[in-house]
Amino acid sequence: MAGWDQVKWTQARQVADQMKLDPASLDDPGADPKSGYLKLRNESKVDVAVRYLGHALPRLEAVAWAAKLLRGWSRTADPGLAERQALDCVMRWLEEPTDEYRRAAQEAAERAGDKSAERLLGYAVFMSGGSISQPDLPAVQPAQQVCGALASSAVLVAAYRTDDPKAALASACDVGEKVAELGVKALAAK
């Protein structure tokens, strides 16, 4: 089984810390991040495994992973116009990650439904890097873990609006594993 070459963390404990997850829930918190993830997935803690992936992946990869899943699932569970527009803004940012498109994703997220996956993902883009204050104010950087937390939350919300959430979450884990190994190029293959 290939390694998680895209993940910059070296220990499962580091990912658990980002999630505020008790490191004791992992067999060996000092083990590599992939081992911590596999323990969660093998124990059928798939929702926690999805969150773990969101925190383990670099920010761009976490957003791309979530966007790929949301786009695919929206074919069977159409989210609505404002949500589609928010997802379109996320996709535009993924193609060209500029500050202008990052802020456009945040604006579109604000128009999307309060409890929508697309709103969460738009906010993940906004929290991916760059200042979160107004452009004319001093820069304020988001906390490192916020982007991954929002991206994985978007995946969880979207999975539960599908006809088969269990299968959707399993698919999210499968795709996330590939992204952890190969980066965003893993998403182009599907």
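1. Terms and basis. A residue is called buried when its relative accessible area is under 20%, exposed when over 50%, and partly exposed in between (1.4 Å probe, protein chains only). By that rule Trp 4 is buried, and so is Tyr 37. This is a predicted model, in which local features need pLDDT of at least 70 and side-chain atom pairs count only at pLDDT 80 or more, while totals for chains, interfaces and linings use all residues. Numbering starts from 1 along each chain as its sequence is written, and side-chain values use heavy atoms, with hydrogens and water left out.

2. Aromatic pairs. Rings of Phe, Tyr and Trp (its six-membered ring) pair if their centres lie within 6.5 Å; planes under 30 degrees apart count as stacked, over 60 as edge-to-face, and the rest as tilted. The count comes to two aromatic pairs. One is Trp 4 with Tyr 37, tilted, at 5.2 Å centre to centre and 50° between the planes. This pair links distant parts of the chain: Trp 4 sits in the segment before helix 1, Tyr 37 in helix 2, and they are 33 residues apart. Helices here (H or I, at least four residues) and strands (E, at least two) are DSSP runs, numbered from the N terminus.

3. Tyr 37 lies in helix 2 and Tyr 52 in helix 3, so the pair ties together parts that are 15 residues apart in sequence. Tyr 37 and Tyr 52 are both buried.

4. Helix 2. Which residues of helix 2 are buried? They are Pro 33, Lys 34, Gly 36, Tyr 37, Lys 39, Leu 40 and Arg 41. That is seven of its ten residues, and helix 2 is mostly covered. The cover over these buried residues includes helix 1, helix 3 and helix 9, where contact means heavy atoms within 4.5 Å.

5. Helix 3. Eight of the eleven residues of helix 3 are buried, so this helix is largely enclosed by the rest of the structure. The buried set is Val 48, Ala 49, Val 50, Tyr 52, Leu 53, Gly 54, His 55 and Ala 56. These residues pack against helix 1 (12-19), helix 2 (33-42), helix 4 (59-73), helix 8 and helix 9 (165-182).

6. Helix 3 against helix 8. Helix 3 (residues 46-56) and helix 8 (residues 146-159) pack at an angle of about 145°, with their axes 7 Å apart. Axes are lines fitted to C-alpha atoms, for helices over the stretch in contact, and angles run from 0 to 180 degrees between N-to-C directions. The crossing is right-handed: a crossing is left-handed if the near helix is turned anticlockwise from the far one by less than a right angle, and right-handed if clockwise.

7. Residues at that contact. On the helix 3 side are Asp 47, Val 50, Arg 51, Gly 54 and His 55. They meet Gly 148, Ala 149, Ser 152, Val 155 and Leu 156 of helix 8. The contact divides into four nonpolar, four polar and two charged residues. Here Ala, Val, Leu, Ile, Met, Phe, Trp, Tyr, Cys and Pro count as nonpolar, Asp, Glu, Lys and Arg as charged, and the others, Gly among them, as polar.

8. Cysteines. How many disulfides does the structure hold? It holds zero, a disulfide being a pair of cysteine sulfur atoms within 2.5 Å. For Cys 89 the closest cysteine sulfur is in Cys 147, 16 Å away, too far for a bond. Cys 89 counts as buried, at 9% relative accessibility. For Cys 173 the closest cysteine sulfur is also in Cys 147, 18 Å away, again too far for a bond. Cys 173 is buried as well, at 0% relative accessibility.

9. Positive phi. Most residues other than glycine have a negative phi. Lys 20 has phi near 60°, a positive value. Lys 20 lies in the loop between helix 1 and helix 2 and is exposed, with a relative accessible area of 68%. Ser 44 likewise has a positive phi, near 60°. Ser 44 is in the loop between helix 2 and helix 3, and is exposed at 60%.

10. Glu 95. Glu 95 belongs to helix 5 (residues 81-95). At 68% relative accessibility, Glu 95 counts as exposed. Its C-alpha atom is separated by 9.8 Å from that of Ala 64, 31 residues apart along the chain.
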